[in-house]
Amino acid sequence: MPSSVMFVRDNVNHKNKVLEVDGSNQLSVKDAIAQSSLSNIDSACANISSDQATATNQSTGNMSLTNIESSVANLTSDPSTATLQTAANLSLNNIDTALAGTISVSSAAPARTSGSLASAASKTAGDLSASVDGNSHRKCAIFGSCSDNSGSVKVHISHDNVNFFEDNMAQYYANFSNGHIAGHFDINARYFKVEFMDTSTYTLEYAMCD
């Protein structure tokens, strides 16, 4: 086999030189930087054990697994009796205490009061009835009859039983066929009285309730 010769360029002396290898056909490296890099690689490789799972960097993973095992060991076999269940049990006890006993329900009928505003009384248009104190009640109904089938009555209200004011939303008219009158209103002011709007004979009563 013919021998082969390879030349390389010497950049320092600007000459071509024969590229030589040793007896093992390996190129002798004299570059200091390259040799330093190869030495670092050799050193790094020497620190790696044959079993990657037990290498130095595995220690962090082992520590994490130990922490997990410790946390799991603190849990009881039944999660419903774990430490954090205490708060829930306390809440349930509070609910039981609050619901204990009997709820009282009042079945009493509402308090009622009734009276007369006019009893077959002849009234002139503009006459007023006596005042009524509705302080203990919230609703009132007035009802009766008027001899003039087109007659009406209007409620006046007061907070002091002295100054009365017409409630134009509470005027009630007689039924034209029989003269009956009926209406109801909320007792928002303590006192009320009724104005007879027509000259006629009136029979009128009131009934109040809670």
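Author: Buried residues make up 20% of the 210 residues in the protein, where buried means under 20% relative accessible area, exposed over 50% and partly exposed in between, with a 1.4 Å probe and protein chains only. This is a predicted model, in which local features need pLDDT of at least 70 and side-chain atom pairs count only at pLDDT 80 or more, while totals for chains, interfaces and linings use all residues. Residues are numbered from 1 along each chain as its sequence is written, and side-chain values use heavy atoms, with hydrogens and water left out.

Reader: How many helices and strands are there in the protein?

Author: There are 3 helices and 10 strands, and read along the sequence they follow the pattern β-β-α-α-α-β-β-β-β-β-β-β-β. Helices (H or I, at least four residues) and strands (E, at least two) are DSSP runs, numbered from the N terminus.

Reader: How do you know that the span of helix H3 agrees with 1.5 Å a residue?

Author: The expected span of a helix is 1.5 Å times one less than its number of residues. Helix H3 (residues 85–99) has 15 residues and should therefore span 21 Å, and its end C-alpha atoms are 21 Å apart, which agrees. Just after H3, Gly101 takes a positive phi of about 105 degrees.

Reader: How many salt bridges does the structure hold, and which side chain meets Lys139 in one?

Author: The structure holds 3 salt bridges. Lys139 meets the side chain of Asp186 at 3.1 Å, N to O. Lys139 lies in strand E5 (residues 139–146) and Asp186 in strand E8, so this pair ties together parts that are 47 residues apart in sequence. Lys139 is partly exposed, with a relative accessible area of 44%, and Asp186 counts as partly exposed at 45%.

Reader: Is Lys154, which forms a salt bridge with Glu166, buried or exposed?

Author: Lys154 has a relative accessible area of 8%, which is under the 20% limit, so Lys154 is called buried. Glu166, at 46% relative accessibility, counts as partly exposed. The closest N and O atoms of Lys154 and Glu166 are 3.1 Å apart.

Reader: Why is Lys193 said to have no salt bridge?

Author: The nearest side chain of opposite charge, that of Asp160, is 9.6 Å away from Lys193, and a salt bridge needs atoms within 4 Å, so the buried Lys193 has none. For that search Lys and Arg count as positive and Asp and Glu as negative, whereas His and the chain ends are not counted. Lys193 is found in strand E9 (residues 191–196). Leaving aside neighbours within four places in sequence, Lys193 is in contact (heavy atoms within 4.5 Å) with residues including Lys154, His156 and Phe164.

Reader: Why is Ala174 called buried?

Author: Ala174 has 12% relative accessibility, which is under 20%, so Ala174 counts as buried. Ala174 is found in the loop between E7 and E8 and touches, not counting residues up to four places away in sequence, a set of residues including Cys146, Gly151 and His180.
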